[in-house]
Amino acid sequence: DGSLPDTDRSGNPIALSQAADAVISMAPSITQTILDLGMEEKLIAVDDYSAMYFGLEELPTFDMMEPDTEQMAILDADLVFTSGMSASAGADPFQPLRDIGVCVADIPSAENLEAMFEDTRFIAACIGAEELCETLIAQTQAEIDELAAIGGAITEKKRVLVEIASAPDIYTAGDGTFMQEMLTVIGAENIFGDQAGYLSVTEEAAVTLNPDVILTMVDYVDDPAGEILSRAGWENVTAVVNGDVYPVNTNAVSLPNLHVVDGMKQMAKRIYPEAYAGVEDPFAQDSAA
């Protein structure tokens, strides 16, 4: 059926003689996609986060930032998927594997939904799961279209702050990120949408822009919404006054794969509960707990 890719998503040449059967995944977004494609048995090792998030602790695990390539080489993988996260320090930590002929395929973090679909297709082509892949993409596209139809009809757009990291070092997403596209599709306005990429912002800047809704994907604080609601100097921010401060599922809004549609549904229901009343919250059981 599908032909094997000869370049990875960064444009580097790769050589696969057949669909890979022994795969190492070094990013949770990629691991989750492999699981979605029903190919868990092809995984022979994963990064620590993948093991923790998806219950794969029985597999050998590697540090995403400092992978032990000697140990990796022993595993005799057909293919190692990496995400660009590992190369954030500058050097490519997987070069020793490339040097001994292991196929290493890089998938940089997607900037938009279309790139996520292409990443998913690339992974599927490498492991021989094209058919299921197209079914999953069609389902996801249909769900996004449903959200977009509702979002496109919203005339009074709410202005939203998304906190990736909490005060005092607030980190958020601007233009050219998939978070921006997620907000746009559901009919919301990102208060930092005029800035590019991911950025640190001051509390003063956030307060001055006065968001209507604050979404937090912070998962390292016990009660991230409570922390925001009790911040000194934020008392007059519309979102705080109205109590429109909500946690969202961190993985569903941060891992660039098809599950972002679940994050979009949850965000849509938090921002516009009436407009999206007919859409099911994929995390309803979490919040009920």
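Glu 58 lies in the loop between helix 2 (48–54) and strand 3 (61–62); helices (H or I, at least four residues) and strands (E, at least two) are DSSP runs, numbered from the N terminus. The model is predicted, so local features need pLDDT of at least 70 and side-chain atom pairs pLDDT 80 or more, while totals for chains, interfaces and linings use all residues. Residues are numbered from 1 along each chain as its sequence is written, and side-chain values use heavy atoms, without hydrogens and water.

Glu 58 is exposed, at a relative accessible area of 59% (exposed, over 50%; buried, under 20%; partly exposed, in between; 1.4 Å probe, protein chains only). Together with Glu 40, Glu 41 and Glu 57, Glu 58 makes up a patch of negative charge on the surface. Patch residues have over 30% relative accessible area and no salt bridge, with like charges joined within 9 Å and nonpolar side chains within 5 Å; a salt bridge is a side-chain nitrogen of Lys or Arg within 4 Å of a carboxyl oxygen of Asp or Glu. The place of a Glu charge is taken as CD.

A nonpolar surface patch consists of Tyr 49, Met 52 and Tyr 53, with about 320 Å² of accessible area together (Shrake-Rupley method, 1.4 Å probe). Tyr 53, in helix 2, is partly exposed at 34% relative accessible area.

Strand 6 (residues 159–163) is largely enclosed by the rest of the structure, because four of its five residues are buried. Strand 6 runs parallel to strand 8 (residues 189–190), joined by two bridges; pairing requires at least two DSSP bridges. Val 160 stands opposite Asn 190 of strand 8. Four bridges link strand 6 to strand 10 (residues 213–216), also in the parallel sense, and Glu 163 has Thr 216 as its bridge partner there.

Key
Lys and Arg count as positive and Asp and Glu as negative; His and the chain ends are not counted.
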